[in-house]
Amino acid sequence: MPDARKPTLPPGFAAKPKRSRLPRGFKGAKRPPSGERRGLTRKDFTSDQDVRWCPGCGDYAILATVQRLMPQLGVQRENVVFISGIGCSSRFPYYMETYGVHSIHGRAPTLATGLKASRPELDVWIVTGDGDALSIGGNHLIHILRRNVNCQILLFNNQIYGLTKGQFSPTSELGKITKSSPYGSLALPFNPVSVALGATASFVARSADRDTRHLAAILKRAHKHNGAAMVEIYQNCNIYNDGAFFEFTEKATKPHRTIFLEHGKPMVYDGGRRAVRLDGFRPESIDLTGGAWSVSDAIVYDETSLELAGIASRMFWNDEMPRPFGVFYCERRESYESRLHAQLHHVTELHGEGDLDVLLNTGDTWEIN
């Protein structure tokens, strides 16, 4: 954890005095007087900006959960940076009383990579949406995951383009009727968890806006992880895609349609009445009340198994199976910025401090008159 006594403001960032103006897309956090350190509360992480989401949007619950969680993480606000792209969720940095960047469409992972490479001690969070992260930003997402940059990636998935008023997104279901697909969308949707696993992410999880206790626990796990931690969050857009995830969040259907992955515990759901077992490599739901099956037949989940994570993630495509929530995969792996700075240290020991002018003029050069 960085030394809280030392200011850690990244180059190019400016703190935000009251009534001051910052460049478009940048925001700063108010800091306590020099030398003052006290216990932080949710209020300390709540900015003075009006929250401009539609009434009833699931983003409110996610924002409140993050604001409540931040004081528990033990990181001073001047060391925290929220970076977003474009979309409804991307207004998030304005509402957090920390440093933040509202960047361009799909490029939040790029900015986060640069920031962590130059200032690895900072606590960096990426807030993105299914359109921002998986369409124009898809390439940037997979590379920050494979590089294992130490940051938290919150992917708000509402299966629709909300900011631009209701077009189908990369996660919209096949046949989705929207303004941009009046006869139904023709492409299969991305499964963000499978995408992350395919990109060799070291931490992959899923939660939902309406289960704030579970969401807080998952975000705390993600923050503790050393590396790129991607959390897909099912988020209800009550204007353009209301109820997309109600079968997984509402009291009447949630027990039958969800299963919570817990490391070292059997995959049991529906109040202990059903479980998931493996038939070869194919998961199947079994009834524990009829006597033919018992809990001992269920899969004991192992979050360190990439094979099990892949099987659980593919349950997404089977309507007869419950939808998994929790940590799919967690692997200890050195972060990108740790490797980067170790390499820089090694090269400096071998060759001394670098000189940019010498580097640019090394090798074959030409003068053009």
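User: How many salt bridges does a search of the whole structure find?
Analyst: The search finds 15. A salt bridge here means a side-chain nitrogen of Lys or Arg within 4 Å of a carboxyl oxygen of Asp or Glu. This is a predicted model: local features need pLDDT of at least 70, side-chain atom pairs count only at pLDDT 80 or more, and totals for chains, interfaces and linings use all residues. Residues are numbered from 1 along each chain as its sequence is written, and side-chain values use heavy atoms, leaving out hydrogens and water.

User: Why is the contact of Glu 232 with Arg 206 called a salt bridge?
Analyst: Their closest N and O atoms are 2.9 Å apart. The limit is 4 Å, so the pair qualifies.

User: What does the pair of Glu 232 and Arg 206 tie together?
Analyst: Glu 232 lies in strand β7 (residues 228-234) and Arg 206 in strand β6 (residues 203-208), so the pair links parts 26 residues apart in sequence. Strands are DSSP runs of E, at least two residues, numbered from the N terminus.

User: Why is Asp 270 called buried?
Analyst: Its relative accessibility is 10%. Buried means under 20% relative accessible area, exposed over 50%, partly exposed in between (1.4 Å probe, protein chains only). Asp 270 is under the cut-off, so it counts as buried.

Terms used. Helix = DSSP H or I, 4+ residues; strand = E, 2+ residues; numbered from the N terminus.
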